[in-house]
Amino acid sequence: MAAVLLEELLSGYRGPSRGNRTVPLLVSIAGAGGKTSIHSQLVRDWKSHWDARLCIGTTTTKMFYPLDDGLYDHIMASAVPEGGIQGTCFLYRHLVEGTRKVSGLTPGEVDSLQRYEPSLIVCESDGARGMSIKAPGPGEPLHPASADIVIGIIGLSCLGKPCREETVHRMMRFEQLTDPSRNIGPETFLDLIRHPEGLFKGTPPGAYRVLVLNQGDVLTDLARDDLFDNLCGARLPVDAILLTSMRENFTLYRNYRSML
């Protein structure tokens with residue numbers, strides 16, 4: 001099932017940016033198992049379907065320098081030039097020496113990007129070293145205070161695997177949130193989502209919380225449905241749940257919006 005991720009987020013969101021495009025929409029992304037892919041997909045959706053103003057992609061942590069694939073019209077360090085620009089722009093602080101990564105802005109600097117009058121800001125707010133599940137460390141995630149939507153991601157390729165450092169990012173923190181003696185399963189996800197130091201740690205008050213279960217392509221149709229129904233029936237502290245894949249193109253398998 002093909003879908004546009006940005007429109008799917010907005011279909012449930014009812015904040016101040018919903019009907020007023022002069023107010024920037026700020027989406028902050030944390031977790032593991034597809035943050036950069038989801039980040040890029042939101043920018044891609046904006047480029048294909050939204051207005052002709054400005055979309056800013058950025059980070060408050062470290063992430064790889066964007067590929068030269070046409071997603072961003074501009075890639076800049078620290079600031080948008082005087083006079084402004086249009087299109088898609090990736091902003092970072094500086095290149096990390098000896099790597100292909102960039103360091104990001106502070107959360108306050110991301111909040112201040114609204115002065116450039118973008119219609120969308122997408123921010124990656126923690127790192128996971130390529131793993132599919134993690135627990136936040138001290139001082140992370142670094143969500144901007146003005147985030148309208150916070151996306152928490154779990155990659156489903158971790159299902160059934162033992163809780164070990166080769167599978168879990170920040171294992172010592174992870175075992176404080178859930179039972180590390182059992183293999184990773186739905187109960188692990190429930191613990192991680194519900195715990196105040198878990199997946200949605202540091203979410204700004206009033207932000208719309210979206211749980212994204214990514215890498216859905218690794219499961220059978222039946223296993224996907226069983227997992228999704230299990231989590232939807234658990235009355236989690238989230239506003240929406242999306243079951244997705246980013247393997248080739250964005251695929252939305254299932255979606256749920258809380259009526260609370």
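**Pocket, cavity and local features of the predicted model**

The largest pocket has a volume of about 810 Å³. It is lined by 31 residues, of which Thr 36, Lys 62, Met 63, Phe 64 and Glu 124 are the closest to its centre. Two or more lining residues come from each of helix H2 (35-49) and strand E3 (62-64), and H2 gives the most, with 6 residues. The lining divides into 11 nonpolar, 10 polar and 10 charged residues. Ala, Val, Leu, Ile, Met, Phe, Trp, Tyr, Cys and Pro count as nonpolar, Asp, Glu, Lys and Arg as charged, and the others, Gly among them, as polar. Helices (H or I, at least four residues) and strands (E, at least two) are DSSP runs, numbered from the N terminus.

The model is predicted: local features need pLDDT of at least 70 and side-chain atom pairs count only at pLDDT 80 or more, whereas totals for chains, interfaces and linings use all residues. Residues are numbered from 1 along each chain as its sequence is written, and side-chain values use heavy atoms, with hydrogens and water left out.

On a 1 Å grid over the protein atoms alone, a cavity is a set of points where a 1.4 Å probe fits but cannot get out, and a pocket is an open set with protein on both sides within 12 Å along at least five of seven lines; lining residues have an atom within 4 Å of a point. Grid points are joined across faces, edges and corners, and a volume is the space filled by probe spheres set on the points. A search of the whole structure finds 1 cavity of 30 Å³ or more. The largest cavity holds about 40 Å³ of space. Its lining consists of Glu 8, Leu 9, Ser 11, Gly 12, Tyr 208, Val 210, Ala 240, Leu 242, Tyr 256 and Arg 257. Helix H1 (5-12), strand E12 (208-214), strand E13 (240-245) and strand E14 (251-257) each give two or more residues to this lining, with the largest share, 4 residues, coming from H1.

Helix H6 (residues 221-232) has 12 residues and reaches 16 Å from its first C-alpha to its last, close to the 16 Å expected at 1.5 Å a residue; the expected span is 1.5 Å times one less than the number of residues. Arg 224, Leu 227, Phe 228, Leu 231 and Cys 232 of H6 are buried (under 20% relative accessible area, with exposed over 50% and partly exposed in between; 1.4 Å probe, protein chains only). These residues lie on the same side of H6 because they cover an arc of only 125 degrees around the axis, taken from the directions from the helix axis to the C-beta atoms. The buried residues of H6 pack against helix H5 (186-194), E12, E13 and E14, where contact means heavy atoms within 4.5 Å.

Ile 151 lies in strand E10 and, at 0% relative accessibility, counts as buried. Among the residues that Ile 151 touches, not counting those up to four places away in sequence, are Leu 9, Ser 28, Val 210 and Val 212. Ala 147, in the loop between strand E9 (133-134) and strand E10 (149-155), is likewise buried, at 7% relative accessibility.

The loop between E9 and E10 also holds Pro 141, which is joined to Glu 140 by a cis peptide bond with omega of about -5 degrees. Glu 117, which is not a glycine, has a positive phi of about 60 degrees and counts as exposed at 55% relative accessibility.
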